[in-house]
Structures are given as C-alpha cells and as structure tokens.
Amino acid sequence: MEILNSLWESICSIFTSSGLATLSWENYVMMCISFILLYLAIKKQYEPLLLLPIAFGMLLVNVFPGIMANPTNEMLTEAQVLARNLDPASYTTTVLDGTTYYNVGQNGGLFYYLYQGVHLGIFPPLIFLGIGAMTDFGPLIANPKSFLLGAAAQVGIFITFIGATLLGFAANEAGSIAIIGGADGPTAIFVTSKLAPNLLGPIAVAAYSYMALVPIIQPPIMKLLTTKKERSIVMQQLRPVSKIEKILFPIIVVVIIALLLPDAAPLVGMLMLGNLFKESGVVSRISNTAQNELMNIVTIFLGVTVGATATGQVFLSVSTLGIILLGLIAFCMGTACGVLFGKIMCAVTHGKVNPLIGSAGVSAVPMAARISQKVGQEENPANFLLMHAMGPNVAGVIGSAVAAGVLISQIPH
C-alpha cells in the first residue's frame, strides 16, 4: 500500500510541476502561432533561415518558460538554508551587521544568457558585418540614383513615427516602433535597445517576422500601386564597376556617415568593414568566416532568442498587438513610398525605370530584391530586375542605419 501511495504521490508531483498544470491559455495560443510560422518556414520556405529559429524559439519558451528565466540571488540565514534542506557549504557567504548570509541563487535559463547579445546590441553589428561580406555594392555604385529609392523607402519610418506619437506613444517608443518600417531586424533591435528596451521583445519579433514575410506582404502593394505596363518595363544593363570603385566605396561611406551621424557608426561601420573584407580580396579567410560561420552562429542565437521573447503573457496584450500592427503599417508605408518614388523616376526618365525596384528600398536584403524580380517577371518573362533592384536594396540597408542614427541622436533616452 505504501508503494502505491508513494507512486501516486510521485505521479501527482510530476503532474503539478509539468507544463500541463502550469501553462496558461496564452501559452497554447502562442504554440499554435509558432506552428503556423514553422509551416511557413518549412513548407512554404519563407526565409527559413530567419523564420524557423524564431518560430522554434517561440515554441520552446511557451512550452518551457524557464528557458528565458532571469537568474536569482537570495540571501538567507543558515537556519533558512537548512530549512530548505540545502547544504550551507555549497554557497558563498556575506556578512551584514554581524550576521552571516548565504548567497543562495539559481542561474538563469539558457536563452537568458544568449539574449544578452540582443539586449546589449552586440548581435546587430555582427549581422551587419556578415551582410556586408555577402553583398555586392556594385549595382548601387553603377546606379547612384538608387540611393534616392532607398531613401524614399525610409519615409515610411518617419510617417509612422509621427502617427505613433499622435496615438500617445512616447517619442522613444514611437521611434522604436517606426524603425520596423525599414524591414531590418538588426537595425530595429539596435534602435530599440537604445531607446525603449522595454519594447525589445515585441519589436524584435515584429521586425524579423515581417522580414521573413516579405513575399506575402510586398507583392499586393506593388501590384496595387503600379500598372501592368510599368511592371513590364525592361531596364538597360548596368555598367561594369571597377575593383578600385568597390574598394573605395565602403571607406568613403563610413567616413561620411560616421562624421555626420556618429550614432549610426556601429551599424554602418561593420557593414562597410564586411564589404571591404569581400572586395579587397586579401582576407578571403576572414571574409568567408564573416559570410558563413559567424553569420550562421549569430543568426541562430538571434533567431531563437528573439522568438523566445514572444511568451503568451507578453505577446497577447493590447499594447503589444498595437505595436505589431503599427510595425506592419510602417513596413507597408516603406514599401509604398519606395514604389511611388519609383513611379516618379519612371516618369522623369520617360519609362527607363521600372517602379517595382522601388519596393526593394526597404532593408530586407536580398529578399526584397528577389520579390521585385519575381513580380516583374510575372508580367514580362524577359524582365530581369534583380541586379537593378539590388541597388535600392543595398541603399535601403544604409538608409535604415542612417535613419536609426537620426532617431537615436534626436530622441532623448
């Protein structure tokens, strides 16, 4: 009988400590959302390198919230330690007012420590280093007018900033929400870690989710704002860019931006350093590491920890859902502004610029450029817009970093 009672007590203890007894309905809702994101990443292949780790981090934290738990540190007397059946010899001591206290605490969850790279703004510049090493700035150098399209796509950031301010958000929170419009997860994290760390979780999830969902969000906006004739425009081939131009470009850009906007220097500096690794041709080992091993490791850590901020209790609140919605509006506005400015350039050049490349002015490299290519080729199979769209796309990366510098420098924090 005692064996049965002992077994029953063990079963009850396991159940009461399990997730079945401790999780709330919000956790289960977030699990369902993570399943949808996993489906989109695996079955639909919507930027799986981003969406899969984010979705799995979201799933894991809602199944086991302790994986993001903060470390604890209690100071207990010897009597209290013994009452908990703990060994006093296992803990360090502190003497206060003649009384010896034992420093009894627990380490944080695994993701808590990995998340410090997000919280302290370490991962975003490292991601930019990898992006720079993987990106060819040639299309932007060959067609400097692409800078205008990249700048136009950032207008959505400032429109959303004004709108969020009018809705009652503080300036620092409005700036953090608005930067989502650049469709640049690292930049959104960098800005939010400076301006509104309390919003870092929902903003990071929103920014990376919208980056991954570019293939769903952008095409309807692009088609709505352009005609079939405009989408069918075939652009002339870009001029060749010399090696010396490619080497000088990152050096010149970082000097100009760092002098004018020091707050943008960490992002732009690492972006240009990565590109200089690539274009110099003398540090192939470092360049390959930045493109592959370093980029992959940081992407894993950043993705799973960003997803792990989406606990049900935090994510399913009115304020968080409002931030997600405003972030979507910001991204849509950025896409729309880029396309509309592309239409202006199309008119000014008498039909030599396909307005679709304006949508690539957001900072989702190279996803947005691929979408410009895809939508253009749907209308005209002979249309090859990828290299033309890469110009505004790269300009958008620089533009979002510049916008981040402006917001950080101008908004008190």
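Me: Which helix holds alanine 153?

Reply: Alanine 153 is in helix H10, residues 146-153. Helices are DSSP runs of H or I with at least four residues, numbered from the N terminus. This is a predicted model: local features need pLDDT of at least 70, side-chain atom pairs count only at pLDDT 80 or more, and totals for chains, interfaces and linings use all residues. Residues are numbered from 1 along each chain as its sequence is written, and side-chain values use heavy atoms, with hydrogens and water left out.

Me: Why is alanine 153 called buried?

Reply: Its relative accessible area is 1%. Buried means under 20%, exposed over 50%, partly exposed in between (1.4 Å probe, protein chains only). So alanine 153 is buried.

Me: What is alanine 153 in contact with, leaving aside neighbours within four places in sequence?

Reply: Gly334, Gly338, Gly361 and Val362. Contact means heavy atoms within 4.5 Å.

Me: What makes H4 and H19 oblique to each other?

Reply: H4 (residues 48-63) and H19 (residues 284-307) pack at about 45 degrees. Under 35 degrees is roughly parallel, over 145 roughly antiparallel, 65 to 115 roughly perpendicular, and the rest oblique. H4 and H19 are therefore oblique.

Me: Is cysteine 346 buried or exposed?

Reply: Cysteine 346 has a relative accessible area of 9%, so it is buried. Cysteine 32, at 45%, is partly exposed.

Terms used. Axes are lines fitted to C-alpha atoms, for helices over the stretch in contact, and angles run from 0 to 180 degrees between N-to-C directions. Helices (H or I, at least four residues) and strands (E, at least two) are DSSP runs, numbered from the N terminus.
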